There are 2 protein chains.
Amino acid sequence: MVVALGGNAILRGKQLNSYADQFENVRRTSRQMAQLVAAGYQLVLTHGNGPQVGNLLIQNEAAADLVPPVPLDVCGAETQGQIGYMIQQSLRNELTALGLTRPVVTLVTQVLVDADDPAFAAPTKPVGPFFPRDVAEQRMRTKGETWTEIDARGWRKLVCSPQPSGIVEADAIHIMVDAGAVVVAGGGGGVPVRRRPDGRLQGLEVVVDKDLAAYRLALEVGAEALLVLTDVPGVAVDFGKPTQRFLRRVTLAELEDHLVREPFSAGSMGPKVRAAYRFVHDGGRQATICALEDALAGLRGDAGTVVERAEGGRR
Amino acid sequence: MVVALGGNAILRGKQLNSYADQFENVRRTSRQMAQLVAAGYQLVLTHGNGPQVGNLLIQNEAAADLVPPVPLDVCGAETQGQIGYMIQQSLRNELTALGLTRPVVTLVTQVLVDADDPAFAAPTKPVGPFFPRDVAEQRMRTKGETWTEIDARGWRKLVCSPQPSGIVEADAIHIMVDAGAVVVAGGGGGVPVRRRPDGRLQGLEVVVDKDLAAYRLALEVGAEALLVLTDVPGVAVDFGKPTQRFLRRVTLAELEDHLVREPFSAGSMGPKVRAAYRFVHDGGRQATICALEDALAGLRGDAGTVVERAEGGRR
């Protein structure tokens with residue numbers, strides 16, 4: 001099974017705290033993951049990298065006169081090493097504490113996108129630090145970049161956010177999972193690459209949504225279940241209204257109805273719902289969206305929002 | 001077999017050039033590595049990270065007021081992601097061009113060091129950017145760090161450089177190699193960790209020499225041969241004297257004589273010679289130190305400096 005860790009798996013709140021705090025949060029997450037391993041589940045873990053890649057881009061800007069700036073694809077690979085290291089060290093520790101011996105390792109992962117993805121028509125995803133209008137305008141003029149004014153904090157660069165069409169290292173992930181290892185892969189949505197006409201892979205300055213990449217990863221490694229962990233108990237409908245309620249078990253058809261009626265764009269729930277929907281639609285047995293603390297119960301269908309093919313599909 | 005890539009595998013000269021240049025150099029290296037795969041060798045690749053981690057530390061310093069600084073162990077993991085990504089993408093491309101299908105993947109790798117390593121008595125390895133005396137003195141006073149004046153460029157921080165005593169992810173590397181994958185592992189000497197009395201792993205702000213880590217890696221994955229690639233044709237004795245000559249084939253006993261007579265400290269050859277010596281001493285069949293361009297010939301014993309257990313040990 002593939003587990004998509006939310007931002008709160010590594011950070012508390014939106015700020016990138018000290019590394020001691022981050023390790024403490026990763027440890028809390030690793031304890032939950034160790035429980036899943038102890039329960040017999042085979043795990044592929046994936047995670048976001050928003051705050052980390054944001055900080056790398058700030059560091060790149062701050063040192064731009066001293067060292068060559070690092071392209072966005074390479075920055076993404078850096079955060080896979082950084083976050084993967086913290087998770088694999090911490091999870092190995094928690095497994096050891098439970099008396100479980102299991103290889104735990106991070107695989108640097110590239111995600112394929114199609115050159116003709118319509119998302120290439122317009123950049124929509126903000127990356128990197130805020131800048132004042134004059135810097136943004138200069139970058140647009142001299143580098144052909146797209147920038148947008150976010151709010152009073154200033155302007156941010158926009159990049160395209162195409163759909164994931166393949167996981168380059170799916171072969172390697174398969175090998176590790178088959179051998180009983182716990183794998184961290186596809187961090188930050190994977191390092192986006194395209195296949196050039198000559199067959200060669202080439203990194204791209206775009207961002208693939210991490211939840212959609214998790215869906216793609218789950219599909220390609222043949223996972224039975226996709227578990228999307230977040231900081232709320234599940235998917236709410238009528239979000240923010242007096243009629244708000246959490247969905248518990250939904251069939252694909254029911255979820256389709258909800259998707260038609262409301263966009264789930266509130267917060268970061270939209271991509272999670274779409275990832276869960278698409279995974280089950282494309283053949284997965286079950287997708288669960290739940291709180292980190294409910295991981296094991298969610299996987300068993302006893303907590304969170306559980307998406308299944310059809311009524312009673314679980315039996 | 002384990003192949004230790006020298007700095008010139010990624011960079012030309014000592015400067016960290018643009019990423020376009022780095023990718024071009026990595027491609028040149030990958031072509032050589034693809035030839036080894038085509039010849040039937042199973043490869044574990046490892047590499048240094050000096051210039052890359054140096055740049056990360058410069059970026060950390062430049063943005064220290066904006067984002068929390070990243071500890072040295074986490075920086076090392078970032079460079080494993082960064083360099084590993086470039087190698088795995090490029091090598092997959094070169095294999096594809098040869099019609100070879102093989103998983104190629106980077107494994108984030110921790111290297112164990114012993115808490116009682118005598119190297120912890122005194123920091124000896126410079127890391128990070130140069131600073132003026134007043135900054136160095138302030139850091140020594142306020143943070144208890146060790147700094148030293150290098151030359152006219154200024155002062156640098158020193159960290160300890162203990163011996164590698166184990167590769168934490170050896171289990172995962174084994175799995176991948178047994179399945180026929182090409183693995184990038186142990187980059188930058190590995191992320192140094194110690195095992196605490198409670199059994200948990202903990203990252204350390206130290207640096208493990210990349211060639212010694214390559215020796216350890218070769219030993220733990222049961223490699224038959226260790227290939228150390230550099231930018232000279234082999235190991236020279238009487239370096240810089242009129243009597244200078246390259247060693248071609250040496251037995252352990254002969255190499256011991258040389259090691260006693262001269263320290264091989266000129267340039268970066270010392271650690272390479274010690275890694276080759278220790279690998280063969282501890283049971284490896286052959287260690288070769290040669291130029292990148294001679295990789296295949298060197299592996300066959302036909303180029304570079306080839307270290308073997310005893311005369312004719314090759315047959």
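## Two neighbouring helices in chain B

From α6(B), the residues K210(B), D211(B), L212(B), Y215(B), A218(B) and L219(B) meet P271(B), K272(B), R274(B), A275(B), R278(B) and F279(B) of α8(B). Please keep in mind that this is a predicted model.

How are two such helices described? Packed helices are described by the angle between their axes and by the distance between those axes. Here, α6 (residues 210-220) and α8 (residues 269-281) of chain B pack at an angle of about 15°, and their axes lie 8 Å apart. Angles under 35 degrees count as roughly parallel, and α6(B) and α8(B) are therefore roughly parallel to each other. The crossing of α6(B) and α8(B) is right-handed.

## A crossing pair in chain A

Now look at chain A. Helix α2 (residues 50-62) and helix α3 (residues 72-97) of chain A have axes that come within 9 Å and cross at roughly 125°. That angle makes α2(A) oblique to α3(A). The crossing of α2(A) and α3(A) is right-handed.

Which residues bring this pair together? On the α2(A) side they are Q52(A), V53(A), L56(A), L57(A) and N60(A), and they meet L72(A), C75(A), G76(A), E78(A), T79(A), Q82(A) and I83(A) of α3(A).

Strands of a sheet pair through backbone hydrogen bonds, in either a parallel or an antiparallel way. In chain B, three strands form an open sheet in the order β5-β7-β6, with antiparallel pairing. Strands β5 (125-131) and β6 (146-151) of chain B stand at the edges with a single partner strand each, so one side of each has no neighbour in the sheet. From one strand to the next, the twist averages 35°.

You can follow one pairing in detail. Strand β5(B) pairs with β7 (residues 154-159) of chain B in the antiparallel sense, over four bridges. For P126(B), the bridge partner in β7(B) is L158(B).

## How the two chains are related

What rotation superposes chain B on chain A? The rotation is 180°, with 0.0 Å of shift along its axis, and the RMSD is 0.0 Å. That is the relation of a two-fold axis. The same surface serves both copies, as 100% of the contact residues of chain B recur in chain A.

## Confidence in the prediction

Chain A has a mean pLDDT of 92, and 95% of its residues reach 70 or more. The model scores ipTM 0.94 and pTM 0.95. Where pLDDT is low, the predicted coordinates should not be read in detail.

Definitions and conventions. Residues are numbered from 1 along each chain as its sequence is written. Chains are lettered from A and ligands numbered from 1 in the order in which they are written. This is a predicted model: local features need pLDDT of at least 70, side-chain atom pairs count only at pLDDT 80 or more; totals for chains, interfaces and linings use all residues. Side-chain values use heavy atoms; hydrogens and water are left out. Copies are superposed by least squares on the C-alpha atoms of residues with pLDDT of at least 70 in both. Contact means heavy atoms within 4.5 Å. Two strands pair if DSSP finds at least two bridges between them. Axes are lines fitted to C-alpha atoms, for helices over the stretch in contact, and angles run from 0 to 180 degrees between N-to-C directions. pLDDT is the predictor's confidence in each residue, from 0 to 100. Angles under 35 degrees count as roughly parallel, over 145 as roughly antiparallel, 65 to 115 as roughly perpendicular and the rest as oblique. A crossing is left-handed if the near helix is turned anticlockwise from the far one by less than a right angle, and right-handed if clockwise.
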